[in-house]
Amino acid sequence: MLRALFIHLSCSENPFPSGTLGGKKERSGKPPLPTIEAMSRSIDPALNRKIVSFGRSIFADLEDIEESPLSMRYWNSQLMQWSMSVPDFKVSLFRLVDVLPTLKSPEAVGDHVRQYLTEAAGRLHPSMAWLVGLSDCLLGRLITSFMVTRGVRQMASLFIAGADPKEALKPLRRLRRNGYCFTVDLLGEFCVCEEEAREYQARYIDALNTFGDEVPSWREAAPLAPGHPGEISPVCISVKLSALYSQTSSLNFKRSVDVLSERLSEIARAAQRRGALMYVDAEDSGNNPIIYESFKRVFSSPEFVSMPYPGIVIQAYSKGAESRVHEMLDFARSRGAPIAIRLVKGAYWDLERVLSAQNDWEFPLWTQKESSDACFERLSRILLDNTEHCLPAFGSHNIRSLSHACCYAEQRGLTPKNFEIQVLYGMAEPIAQAFKSRGYLTRMYVPLGDLLPGMGYLVRRLLENTSNESFLRHTFFDSEEVSTLLKEPHYSEPHDLAKDTTVPSTAATPQGDGVVMHLDY
Ligand SMILES: Cc1cc2nc3c(=O)[nH]c(=O)nc-3n(C[C@H](O)[C@H](O)[C@H](O)COP(=O)(O)OP(=O)(O)OC[C@H]3O[C@@H](n4cnc5c(N)ncnc54)[C@H](O)[C@@H]3O)c2cc1C
């Protein structure tokens, strides 16, 4: 799977220049949602001024932060800057990180460092050239291997809180002491057999038991924001559903939903026993229809209808996202109890692009980053207009996207108790800190897992930090003008694509090819 992404990295960043079509096939039969004209309409200028001013105050907070060269964060940031200045180095470095856990001897690590990095390292920095140059002799290979393996492990530990729930207790407690709540995700591998699927499910139940035994007794478990629905419990998990069944596939839709609903129910039962909150993550567009169907089946059943705020994730980069939001709000209405909805942009854009191009499939996502940003804002407003049916959670590191949600909520007379902000552990901490200090409940999404499955996750974080389209890259590395970063986004897709806002139907979703596509973003 990562190989497909590396192919992408070697190509240009976006194959759909603004104004061109991203998909070839027509889709019909579903009523069109609002026209592109309605979707593109600018927001109230007074609201926009407020968002810009709020965003500027967040940027002002970031100015005072400087990493010490003694910290791991400083060197991680340095490495990111180098890799962005020499694109070949970025591809080679991420390839090395990906392959590292499979290399069994220091000689093998040293060999791979030499083969992957020699050419690019010379153009980077004398210290890098020196480190790579060491691997020319046996002793040098041992030193290089030690330093590279240790460095990558430390880098992974910036984004992954521990190998298992017990190891994570300390960092999780620290998070709450610092004023953040959390949701824990268990990193998984490709699930190729039922034994692995069952093992993965058991790890979730074990995590709920460990946290349920420990966390409520902490002094730090007291609600960070009393009365906030997100603080009904200090324990929260995020489940990657597709990896709970080895045959998850849209070609096997009914059975996938049957099995996943049953397995999700077992996890929900453990969560309910412990009074924990839970989210079901969104994945690629092949698996998402299965995930949404299973979510609705489980949380509409009499056993779980009283479970508070079961959470689901919606991806604004999908052309079907607005339909999906309405579908989930309808579901909450029919359930008679609110759900939580985490709005994100979506983590599988590159993967879906490569697969669509390889297989000549219709591309189900927006092709321009600005359209995803605009969609995120539009959907934020819809969620905030419906807080009696949902607890909106805005999962983003983009200051404009988050500022828009906070200011629109205020304009509607809502309070910070009506929604929450969510960020990934180890990413954009200064931004999380800025929102938390303004009184917004801020939840860290915390992955746990061993180094091997963790490498895929680490590479995706590195890709996100260095992508040309990334808000974080422009904020922290390119120092782009604040006014540009805070500009109101508009849909920039051709009209005929924008009209295609239907939820992908099971039969029409070609990605489900029998291969389990589970990936930790
Ligand atoms: C707490 C949390 C939980 C998350 N849970 C999930 C989850 O369950 N499922 C999931 O898929 N992701 C999840 N994500 C990841 C999320 O979808 C984004 O990948 C990530 O947050 C980057 O988006 P941003 O708004 O922070 O940054 P920005 O830099 O503003 O946006 C980057 C995003 O824009 C979109 N984009 C990039 N290029 C293009 C293009 N050419 N055309 C259209 N759109 C483009 C992509 O979605 C990309 O991730 C989660 C993120 C957070 C913070």
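**Exercise 1.** Is the crossing of H3 and H17 left-handed or right-handed?

*Solution.* Before we start, a word on the model: it is predicted, local features need pLDDT of at least 70, side-chain atom pairs count only at pLDDT 80 or more, and totals for chains, interfaces and linings use all residues. Residues are numbered from 1 along each chain as its sequence is written.

Step 1. Find helix H3 (residues 45-63) and helix H17 (residues 429-437), whose axes lie 9 Å apart at an angle of about 125°. Helices here are DSSP runs (H or I, at least four residues) and strands are too (E, at least two), numbered from the N terminus. Axes are lines fitted to C-alpha atoms, for helices over the stretch in contact, with angles from 0 to 180 degrees between N-to-C directions.

Step 2. That angle makes H3 oblique to H17. Under 35 degrees counts as roughly parallel, over 145 as roughly antiparallel, 65 to 115 as roughly perpendicular, and the rest as oblique.

Step 3. The crossing of H3 and H17 is right-handed. A crossing is left-handed if the near helix is turned anticlockwise from the far one by less than a right angle, and right-handed if clockwise.

Step 4. Ile58, Asp61 and Leu62 of H3 make the contact with Pro430, Ile431 and Ala434 of H17 (C-beta atoms, placed from the backbone, within 7 Å). Five of these residues are nonpolar, none is polar and one is charged. Nonpolar means Ala, Val, Leu, Ile, Met, Phe, Trp, Tyr, Cys and Pro; charged means Asp, Glu, Lys and Arg; the others, Gly among them, are polar.

**Exercise 2.** Describe how H5 and H6 pack.

*Solution.* Step 1. The axes of helix H5 (residues 87-99) and helix H6 (residues 106-121) come within 8 Å and cross at roughly 165°. The two helices are therefore roughly antiparallel to each other.

Step 1. The crossing of H5 and H6 is left-handed.

Step 2. Residues of H5 including Phe89, Leu93 and Leu96 take part in the contact, and H6 contributes residues including Val113 and Leu117. By class, the contact has eight nonpolar, two polar and two charged residues.

**Exercise 3.** Is Thr466 buried or exposed?

*Solution.* Step 1. Locate Thr466 in helix H18 (residues 451-466).

Step 1. Thr466 has 21 C-beta neighbours inside 10 Å, so this residue counts as buried. The cut-offs are 20 or more other C-beta atoms within 10 Å for buried, 12 or fewer for exposed, and in between for partly exposed, with C-beta atoms placed from the backbone.

Step 2. Now look at Lys90: Thr466 and Lys90 are 376 residues apart in sequence, yet 8.8 Å apart in space, C-alpha to C-alpha.

Methods: Two residues are in contact if their C-beta atoms, placed from the backbone, lie within 7 Å.
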